[in-house]
Amino acid sequence: MISEKLPSCKKYHYILSMSNLNDYIKWRGDLLFSTETLSPVDMLIFSQLVYTPLENVDPSCYGKTLGEIFPLVYPDGVAAGTTFINGELFNLWKQAAECRRFREIKLIDFVSKFDVDEQMQFAAAVFDYGNIMVIAFRGTDTSVIGWKEDFNMGYATPIPSQSEAVSYINSVYSRKKEIYVCGHSKGGNLAMYGGVFCKHPKYIKAIYSFDGPGFNDEVLVSKEWMQSVGKIESYIPESSIVGMILGCCSDYTIVKSDDIGIMQHNPFNWHIEGGRFEEVSETSFVSRLFRGTMQGFLSSCPKEQRRVLVETAFKIIEVSGAKNADDIPAAVFMHLTEIRHILQEVPDEDKQALKEMGRIFSEAGSTSLKHLLSKLWKDD
């Protein structure tokens with residue numbers, strides 16, 4: 001589907017020490033896409049570039065190359081004291097803008113929508129080079145609305161961003177291009193949903209999801225999914241949590257990571273060998289336990305009960321006044337009295353639903369743990 005040729009002997013000594021996205025650009029950055037075609041690692045890079053503050057770019061500048069766009073995306077460089085991930089994104093774009101492989105790629109479109117009433121946080125970009133078009137979807141930002149929309153996936157399909165992903169692909173696709181669709185985290189979910197349910201999926205060559213949440217059975221048994229699932233390539237880290245939420249793709253590649261637990265969701269520490277990810281044979285015990293628990297929970301817990309849980313949790317967050325996920329713990333602590341009133345006002349039937357959901361989740365976790373332990377004992 002996408003070339004993954006082994007690297008030449010000339011650079012083999014460097015490959016042995018290569019381990020992440022930045023190293024990959026240093027190694028392969030001198031090879032144009034006309035010489036060495038897109039790899040899955042390239043697709044992950046596009047999935048990260050869409051996280052950068054493309055809102056800083058005036059639409060009149062669409063059509064410029066990544067090298068030309070870089071100072072517009074980061075007009076003041078990277079701020080002192082910036083978060084680790086924002087620093088990594090800055091360095092990634094800087095390297096891409098300076099190397100032959102990426103600097104001539106054009107940003108031809110970008111859209112960002114944030115709607116509190118619709119509970120939608122959505123962003124996507126189109127990158128273009130020759131006969132190649134890459135449509136990249138941004139994952140969840142730090143806004144409470146973005147997180148609320150993610151949790152809504154547990155009981156509603158489609159969520160607003162999924163519908164927007166379909167519309168976006170319909171509006172930008174070209175029959176004259178090789179179209180690739182990609183995204184990381186929620187962006188991976190949007191890439192899969194948009195690529196599967198758009199008007200002309202036959203023009204999409206491949207869909208890439210990097211630790212993206214899955215879907216409920218309504219999607220997974222649909223005719224559209226069955227027709228396009230063969231184009232989907234899903235990559236998850238060995239301790240994946242996000243990628244284990246809801247129903248997963250039946251086939252995925254498991255990637256080695258330097259981080260631990262949920263921190264492996266950050267792809268900047270995924271291992272890379274040549275033009276490919278370093279693979280491991282199975283996910284971690286914790287990841288498998290979480291997946292088994294989620295599958296058992298979703299199969300036993302009605303959608304309405306899941307809706308009650310999400311709505312109750314976010315009522316509490318709304319009362320706290322938190323606007324960003326990072327602010328939630330402190331904000332909740334500061335508004336315990338108001339939150340206590342909210343919980344007291346929860347209808348009795350909803351309280352019963354929440355208790356029942358807790359019981360279901362506990363039983364699902366216990367069943368999953370017993371299954372994994374029995375398998376481990378058999379293997380021994």
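**Basis.** I number residues from 1 along each chain as its sequence is written, and side-chain values use heavy atoms, without hydrogens and water. In this predicted model, local features need pLDDT of at least 70 and side-chain atom pairs count only at pLDDT 80 or more, while totals for chains, interfaces and linings use all residues.

**Cavities.** I took a cavity as a set of points on a 1 Å grid over the protein atoms alone where a 1.4 Å probe fits but cannot get out; lining residues have an atom within 4 Å of a point. Points are joined across faces, edges and corners, and a volume is the space filled by probe spheres set on them. I found three cavities of 30 Å³ or more. I listed its lining as F33, L38, F46, I105, F127, D128, Y129, I132 and V134. Two elements give two or more residues to this lining, β2 (120-129) and β3 (132-137) (strands are DSSP E runs of at least two residues, helices H or I runs of at least four, numbered from the N terminus). β2 gives the most, with three residues.

**Helix α4.** I noted L66, I69, F70 and V73 as buried in α4 (residues 66-73); buried means under 20% relative accessible area, exposed over 50%, partly exposed in between (1.4 Å probe, protein chains only).

**Backbone.** I found the T157 to P158 peptide bond to be cis, with omega near -5°. P158 is in the loop between α7 (144-152) and α8 (160-172). Q119, not a glycine, has a positive phi of about 55°, and its relative accessibility of 24% makes it partly exposed. D211, also not a glycine, has a positive phi of about 55°, but at 1% D211 is buried.

Methods:
1 Å grid on protein atoms, 1.4 Å probe; cavity = no way out; pocket = protein on both sides within 12 Å on 5 of 7 lines; lining within 4 Å.
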